[in-house]
Amino acid sequence: MRQPKIIVVGGGLAGLMATIRVAESGVPVDLFSIVPVKRSHSVCAQGGINAAKNQKGEGDTTAKHFDDTIYGGDFLANQPLVKRMCEAAPGIIDLLDRMGVMFNRTPEGLLDYRRFGGTLYHRTAFAGATTGQQLLYALDEQVRRHESEGKVKKFESSTFLSAVIDEGGVCRGICAMDLRTMEVKTFVADAVIFATGGIGAIFGRSTNSVVCTGSAQSALLQQGVDYANGEFIQVHPTAIPGEDKLRLMSESARGEGGRVWVPRNPAEKRAPKNIPEAERFYFLEEWYPKYGNLVPRDIATRAIHRIVYQEKLGIDGQPAVYLDVTHIPRETLDRKLEGILEIYEKFCGVDPREEPMKVFPAMHYTMGGIWVNAEDQATSVPGIYAAGECEYQYHGANRLGANSLVSCIFGGGLAGPAAVKYAKNLQAGAESTASSVFDREKKRQEEKNQALLTQDGSENPITIWRELGDIMTEHVTVTRINKNLEKADAQIRALQERYKKINLSDRTRWSNQTLNFARELENMIILARVVTVGALARNESRGAHYKPEFPERDDANWLKTTRAKWANNEVQLTYEPVDISLITPRPRRYDAAK
Amino acid sequence: MADAKLVIVKVKRQTGPKEPARWEEFSLKWRPSMNVIICLRDIAENPVTRDGKKTTPISYDSNCLEEICGSCAMLINGKARMACSALVDQLEQPIRIEPLSKFPLVRDLTVDRQFMFESLKRVKAWIPIDGTYDLGEGPRVSPETQEQGYPLSNCISCGSCLEVCPQVNEHSQFMGAAIISQVRLFNLHPTGAMNKNERLAALMGPGGIQDCANAQNCVHACPKNIPLTESIAAVNREVWKQALLGWLVG
């Protein structure tokens with residue numbers, strides 16, 4: 001029997017879980033990553049991972065986790081696979097526990113759980129406030145073990161450029177560029193799993209890492225892979241503003257009792273500690289008495305925008321509110337939140353144990369992504385699978401905190417075996433594909449590089465990127481207004497034109513980061529259009545997508561999934577029904593118990 | 001109009017591992033909360049030296065920009081540290097930026113730290129689980145063990161501890177403090193402890209723990225405040241115990 005071969009692109013949680021599952025089944029894996037996989041963006045996840053283990057005697061169940069996730073996502077997610085994920089979550093925690101993750105413990109030696117947004121239960125397992133880092137390391141270690149046994153081969157300084165797709169429209173491998181030699185090469189595989197993360201970089205500054213550009217997703221879109229619900233992105237309510245990055249202050253700060261407030265008096269001059277309780281406006285607690293500071297992120301973000309831009313109550317007239325943990329005992333803070341408090345201290349020079357933090361919302365998570373089917377993470381192109389943040393399946397119109405890590409591991413765990421099964425069932429494996437198919441793709445990519453390296457122009461890629469980020473942040477994040485979205489799309493088109501005149505200030509062929517960035521930028525601009533055009537079309541408000549002109553959710557017209565294609569330099573949208581077979585949509589409100 | 005505040009940055013450049021090194025100086029516009037990453041980005045947007053000469057953007061590694069991915073370690077004013085958390089206002093100018101010197105250079109500030117990941121393989125830094133299928137919960141772990149293990153598990157493989165260690169040089173294969181500390185982490189986990197001896201044995205060979213000369217620079221350089229010298233002492237005791245046992249049993 002022929003031995004199939006699988007490629008995984010992306011080494012965060014989803015990619016590593018897929019890799020482990022494939023390696024376990026005895027099939028060799030090539031793992032591609034821009035950075036050494038231990039440095040992937042999953043390390044930035046802070047607060048925890050959800051699973052209804054009901055270890056606090058609250059009567060939590062996987063059915064309640066399922067309902068919270070669907071409700072939190074404003075009924076846009078297809079339900080059956082979300083249900084399976086919630087049912088699998090307790091087993092995923094067990095697996096991570098067996099892998100040695102240093103989860104926080106109760107005195108009995110069991111895993112401890114905390115509360116997170118959008119639920120009334122203690123459902124979130126955590127390792128300090130660096131849970132993503134700890135989980136990623138656990139999977140990284142397992143992959144390293146498989147690597148040392150020769151089952152996994154890593155390409156850790158390589159970037160994906162394009163899929164190799166044959167005449168029959170079947171994926172037969174990938175084309176990648178070595179980021180040191182800048183050499184373009186093709187690699188044969190029977191199936192390819194993409195786990196390439198979020199798209200934060202198209203918003204300029206976000207909570208995402210540098211590599212989260214969405215470039216791979218965009219390249220696939222341009223090759224005929226469908227992209228779904230692109231207009232749904234999550235703006236996290238609490239981040240530290242910065243020039244290079246907006247650094248996340250985890251929801252766990254509120255899960256552990258942190259409170260959000262502003263002075264009632266906009267002209268307040270006293271230090272926050274000297275402002276008496278009665279003169280503080282705990283607006284989330286007042287507006288949402290049932291969930292308080294733990295309303296879902298879209299709700300908290302809009303509330304903060306309302307406080308700053310409508311009520312004009314931002315601290316010192318600035319776009320900022322207090323996130324206050326000073327009332328929590330220092331010992332508890334150090335045991336449960338140290339990681340994030342250190343970030344605040346290091347980057348702001350203020351000890352958040354002593355003084356309330358100043359925070360503001362920031363682009364954080366990509367709910368939309370590569371379209372995948374309802375069974376096993378297969379995309380619209382045979383041989384291509386997707387898992388993790390780069391696909392759209394699990395979070396609907398808004399993701400609940402601590403659901404991302406579980407969706408990455410569940411999706412990756414599903415994609416691995418599915419890709420193996422597909423590869424084993426192929427009549428003719430990728431090795432029988434004509435070499436001309438690979439040569440053609442390689443030539444196409446080399447020509448792009450050659451053009452970029454030789455053309456003379458007047459545009460700097462970083463300048464174009466900054467402008468793209470400004471357009472997207474201003475018009476396509478929290479509040480979306482149709483005429484502004486139209487303007488934004490026109491501006492992005494203009495950037496597409498200017499991109500043609502790009503000039504690389506580095507033309508060498510060794511570790512040329514400018515060339516790689518220019519390639520990513522072209523893809524970012526195209527994906528930005530998918531987000532913008534999708535937002536423009538959807539005339540309703542649902543989850544994180546908010547249009548004051550259409551303030552209500554409109555199930556009659558918009559309870560449907562957006563599917564985008566790219567053709568003739570245009571975004572083409574079609575829609576398909578959402579699978580709501582398990583929970584009937586009902587109004588979503590957080591001011592009372594649901 | 002008064003001149004905008006300027007930031008002067010000197011960067012050690014090297015186009016490739018076999019090319020000669022040179023210094024370039026840049027004059028940048030100061031901005032609030034500016035860090036070394038912003039300096040490097042500003043140079044990439046306008047790659048012109050202080051004396052007006054056109055140059056290329058600087059090659060460097062970065063990713064998370066919040067000191068948890070371990071990518072952007074470099075020498076800043078002679079000190080091994082993460083560029084993202086190196087705030088310009090806290091640095092003496094001109095700010096001197098160089099690549100880590102203990103790892104093979106790729107280009108400019110980019111180095112190859114693969115050695116650290118290979119070392120993790122050598123010491124089997126993992127819990128050897130049977131498989132990902134459902135085998136129920138893991139072992140119970142006391143809060144005390146968790147509180148000991150969690151800080152060790154914060155190691156971001158940035159390489160700062162190797163950079164400052166006098167024992168890490170071209171004549172040695174010393175794996176360094178980070179790796180020894182990882183052995184301690186896996187050996188204190190109830191399941192990991194079952195393969196304790198394998199990991200200790202890996203530290204007895206060339207590049208192992210006997211190469212440590214107790215300079216204690218590592219613990220001061222670690223950006224994650226990992227108790228590295230404590231780890232070295234603890235693992236050293238275990239290694240001796242095992243060596244002695246091996247000798248007694250013969």
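**Exercise 1. Find which domains chain A is divided into, and work out what their contact is made of.**

Step 1: Start with the bounds, which come from an automatic or database domain assignment. Chain A splits into domain 1 (237–361) and domain 2 (436–556). Residues are numbered from 1 along each chain as its sequence is written, and chains are lettered from A and ligands numbered from 1 in the order in which they are written. You're looking at a predicted model, where local features need pLDDT of at least 70 and side-chain atom pairs count only at pLDDT 80 or more, while totals for chains, interfaces and linings use all residues.

Step 2: Check the spacing. The C-alpha centres of domain 1 and domain 2 of chain A are 32 Å apart.

Step 3: Look at who touches whom. Domain 1 of chain A gives 5 residues to the contact, and domain 2 of chain A gives 5 residues. Two residues are in contact if their C-beta atoms, placed from the backbone, lie within 7 Å.

Step 4: On the domain 1 side, helix 8 (residues 297–310) of chain A brings the largest share, 4 residues. Helices (H or I, at least four residues) and strands (E, at least two) are DSSP runs, numbered from the N terminus.

Step 5: Sort that domain 1 side by class: 1 nonpolar, 2 polar and 2 charged residues. Here Ala, Val, Leu, Ile, Met, Phe, Trp, Tyr, Cys and Pro count as nonpolar, Asp, Glu, Lys and Arg as charged, and the others, Gly among them, as polar.

**Exercise 2. Work out the order of the 3 strands in the open sheet of chain A.**

Step 1: Read off the order, 3-5-4, with antiparallel pairing. Two strands pair if DSSP finds at least two bridges between them.

Step 2: Go to the edges. Strand 3 (49–50) and strand 4 (113–115) of chain A each have a single partner strand, so one side of each has no neighbour in the sheet.

Step 3: Zoom in on one pair. Strand 4 of chain A joins strand 5 (residues 122–125) of chain A through 3 bridges. For A:Tyr113, the bridge partner in strand 5 is A:Ala125.

**Exercise 3. Describe how chain A meets chain B.**

Step 1: Count both sides: 56 residues of chain A are in contact with 57 residues of chain B.

Step 2: Find the main supplier. Helix 4 of chain A provides the largest share of the chain A side, 8 residues.

Step 3: Sort the chain A side by class, and you get 18 nonpolar, 20 polar and 18 charged residues.
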